[in-house]
Amino acid sequence: MVPSLLQTMELPSTFSGNGGIALSVLQLAVVATSYSTETNSETRAKYSKFSAINGATSTTATTKQQVTPTTAQTWPSRFAMMVIYTPALLVSTLILILPFVITDPSPNLPSPSLPTALCVIHFAKRCLEVLFLHSYSGRTDRSTPSIIGVYYALVTVLIAYASGGNGDGISALLSEPNNQRITIGTTLFCVGLIGNWYHHYLLAKLRNTKQKTDNESKYVAPNGGLFEYVATPHYLFELIGWLGVAIVSNHLNVYLVFASMASYLGGRSVAQNEFNRGRFGEREWPRDRRNLIPFVF
């Protein structure tokens with residue numbers, strides 16, 4: 001099946017002109033820098049457990065003093081996470097349904113496409129998890145989730161134009177004589193979606209049963225599933241999902257979206273593993289446990 005797929009699969013398309021070249025160069029810069037940014041404690045994105053308000057510290061070069069934003073400069077973590085995911089959900093949903101509610105849509109709008117629909121599913125899942133699955137207690141500065149939220153929204157616009165910019169839409173995509181690529185891509189997306197949710201569920205169970213010591217919450221080492229092999233299996237499955245989107249789209253710039261996500265989450269997995277090694281003993285968290293890919297990385 002794989003050899004026949006490689007024989008019939010077209011080369012990924014690209015955005016044309018100087019604008020397309022500039023976009024690709026910008027994406028390559030993101031791919032090249034995201035990993036090192038996230039492995040550096042001073043430059044990584046400050047949200048979730050790495051927020052300065054939730055235990056991480058940030059310093060200024062001149063004073064070397066801890067900088068703690070005031071409550072007025074922060075959001076509750078649950079709201080901050082919704083700020084990260086909601087814009088992309090709204091944008092992808094709007095792109096998907098707008099041609100059906102406007103009688104004469106602009107030709108500059110992308111047609112509804114399967115990759116755009118996958119984006120709707122992905123970000124809807126993330127929003128539902130934030131609202132109903134995860135437990136939050138801390139606060140996050142406003143700038144970080146706002147920037148990430150805008151970035152994710154722009155990513156969905158890029159995917160929409162890359163996948164539906166030619167006006168063909170979902171029906172033409174599904175009616176291709178050889179849709180092995182579509183089958184493989186959507187299968188990977190579903191595997192990634194389910195695997196990501198399952199490991200988020202395992203994390204949520206741990207957070208709901210945190211040990212209490214002297215009125216303070218004590219972290220419990222993640223276990224079960226692929227947590228026995230890597231620090232961030234939920235990142236691994238998220239990347240599998242993004243790879244599925246890229247394969248369905250078969251567009252160079254969407255593959256670069258996947259590459260940028262891999263660079264970002266790869267660096268963040270290193271930071272998570274370092275956090276776990278500092279928090280737990282050898283019995284709870286073996287020092288040879290990998291970051292993201294079992295037995296490899």
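Biologist: Which residues form a nonpolar patch on the surface?

Modeller: This is a predicted model, where local features need pLDDT of at least 70, side-chain atom pairs count only at pLDDT 80 or more, and totals for chains, interfaces and linings use all residues. Residues are numbered from 1 along each chain as its sequence is written, and side-chain values use heavy atoms, leaving out hydrogens and water. Patch residues have over 30% relative accessible area and no salt bridge, with like charges joined within 9 Å and nonpolar side chains (Val, Leu, Ile, Met, Phe, Trp, Tyr) within 5 Å. With about 500 Å² of accessible area together (Shrake-Rupley method, 1.4 Å probe, only the protein chains shown as cover), the patch residues are Leu94, Ile97, Phe100, Val101 and Ile102.

Biologist: Is Ile102 buried, exposed or partly exposed?

Modeller: Ile102 sits in the loop between helix H3 (77–101) and helix H4 (114–132); helices here are DSSP runs of H or I with at least four residues, numbered from the N terminus. Buried means under 20% relative accessible area, exposed over 50%, and partly exposed in between (1.4 Å probe, protein chains only). At 34% relative accessibility, Ile102 is therefore partly exposed.

Biologist: How many of the residues of H8 are buried?

Modeller: Helix H8 (residues 233–249) has 17 residues. It is largely enclosed by the rest of the structure, because the number of its residues that are buried is 15.

Biologist: How far apart in sequence are the parts that Arg268 and Glu38 tie together?

Modeller: These two form a salt bridge, that is, a side-chain nitrogen of Lys or Arg within 4 Å of a carboxyl oxygen of Asp or Glu. Their closest N and O atoms are 2.7 Å apart. Arg268 lies in helix H9 and Glu38 in helix H2 (residues 17–39), so the distance in sequence between the parts is 230 residues.

Biologist: Which residues are linked with Arg126 in a network of salt bridges?

Modeller: Arg126 meets Glu129 at 3.5 Å, N to O, and both lie in helix H4, three residues apart. Arg126 also meets Glu238 at 3.2 Å, N to O. The residues linked with Arg126 in the network are Lys125, Glu129 and Glu238.

Technical notes: Helix = DSSP H or I, 4+ residues; strand = E, 2+ residues; numbered from the N terminus. Expected span 1.5 Å × (residues − 1).
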